[in-house]
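Hi there,

Here is the structure I promised to send over. Have a look at it first, and my notes follow below.

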Amino acid sequence: MSTTTPPYDGRYGIGELAERAGVTVKTVRFYSDRGLLPETSRTTGGHRRYGPGALERLRLIRALRSLGLAVPEVRRVLDEQDRHGRPGGALEEAVAGHLSALGTQLTALRWRQAALRLVQECPPGERPGRLRLVGTVAAPPSTAPLARFWRGWLPPRMPAGSVAAFLEVAVPRPPDDPTPAQVLAFARLNALTSGPCPAGRRPQPAAHRTVGGRGAALLYEGLAEAYELAGAPLRRGREPYAGEALDCFVAAYASAYGTRDTPGFRELLAGQLPADPRLDRYWELVAEVRTPPGGRPEPTPGAAHDWLLAALTAPAAA
């Protein structure tokens with residue numbers, strides 16, 4: 001008998017239905033007991049009978065289950081098909097959810113693979129330290145420690161929108177398919193931002209502690225523009241110099257402080273913006289995380305800030 005031709009009375013026994021669908025009787029009974037595959041009747045001996053549409057319904061159930069959909073999700077898809085004659089939004093929602101979950105799982109596997117290669121490829125004497133370092137980072141990693149670090153560093157009472165805009169730039173998105181070097185850089189970022197401040201250092205620089213919430217918003221809006229302007233000479237390898245980028249940089253602080261850009265203010269500002277080795281290291285690691293293999297690093301806000309600070313303190317800038 002053809003596997004697509006229904007039985008003579010249009011109804012299947014459980015064994016026949018299982019054979020035609022390529023599943024076990026136990027599987028058919030499982031879906032039937034959960035209401036996914038309703039039986040049409042039972043024989044006088046109590047054997048289940050299924051209608052002519054049962055075979056295609058069972059094949060649909062199998063297909064949905066093979067995609068990883070749970071029984072409740074399958075039920076929603078089938079209910080929608082019963083109402084409208086075909087799967088619709090319930091199927092789209094389930095597939096989208098599983099694709100998202102699968103993407104996260106694949107990213108986690110790639111991070112674990114790169115972490116294993118990192119440990120495998122380093123000298124034997126360095127492996128215990130590498131293991132401890134990468135062992136503190138989840139796969140895929142969380143950026144929460146980095147965001148907490150910056151929230152403690154940014155000016156207090158800074159508007160939420162300004163904080164969010166800054167974090168978007170300052171917190172690197174972990175690559176989906178990292179190299180061992182990128183895993184190492186991110187693990188070092190995690191360790192750097194999770195550790196305590198160096199002895200004798202306060203979280204915020206002196207320049208931040210003198211501006212309020214409104215001043216902080218003005219400050220970071222202006223700094224973002226200055227950093228973008230500094231990116232062009234940085235990409236060309238230009239030495240720091242006085243120009244539009246530096247003027248914009250100073251104007252950001254002057255606007256936040258409610259004062260004017262004068263030689264005296266620039267001298268005062270230079271004294272309030274000392275180099276911070278911890279932040280310099282942070283931005284170096286960010287560049288390593290963001291730069292794809294063989295790619296050219298893009299200037300980070302940290303690199304732009306250091307370039308502008310050097311321009312501010314250069315003799316020609318006075």
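Of the 318 residues in the protein chain, 41% are buried (buried means under 20% relative accessible area, exposed over 50%, partly exposed in between, with a 1.4 Å probe and protein chains only). Please keep in mind that this is a predicted model, where local features need pLDDT of at least 70, side-chain atom pairs count only at pLDDT 80 or more, and totals for chains, interfaces and linings use all residues. Residues are numbered from 1 along each chain as its sequence is written, and side-chain values use heavy atoms, leaving out hydrogens and water.

The chain has 15 helices and three strands (DSSP runs, H or I of at least four residues for helices and E of at least two for strands, numbered from the N terminus).

Now to the salt bridges (a side-chain nitrogen of Lys or Arg within 4 Å of a carboxyl oxygen of Asp or Glu). The whole structure holds 13 of them.

One joins Asp-82 and Arg-57 at 3.0 Å, N to O. This pair links distant parts of the chain, with Asp-82 in helix α4 (residues 71-84) and Arg-57 in helix α3, 25 residues apart. Arg-57 counts as buried at 15% relative accessibility, while Asp-82 is partly exposed at 49%.

Also in helix α3, Arg-59 and Glu-56 sit three residues apart, about one turn of the helix, and their side chains form a salt bridge (2.9 Å, N to O). Glu-56 is exposed at 51%.

Finally, Asp-33, Glu-39, Arg-42 and Arg-48 are linked in a salt-bridge network.

Best wishes
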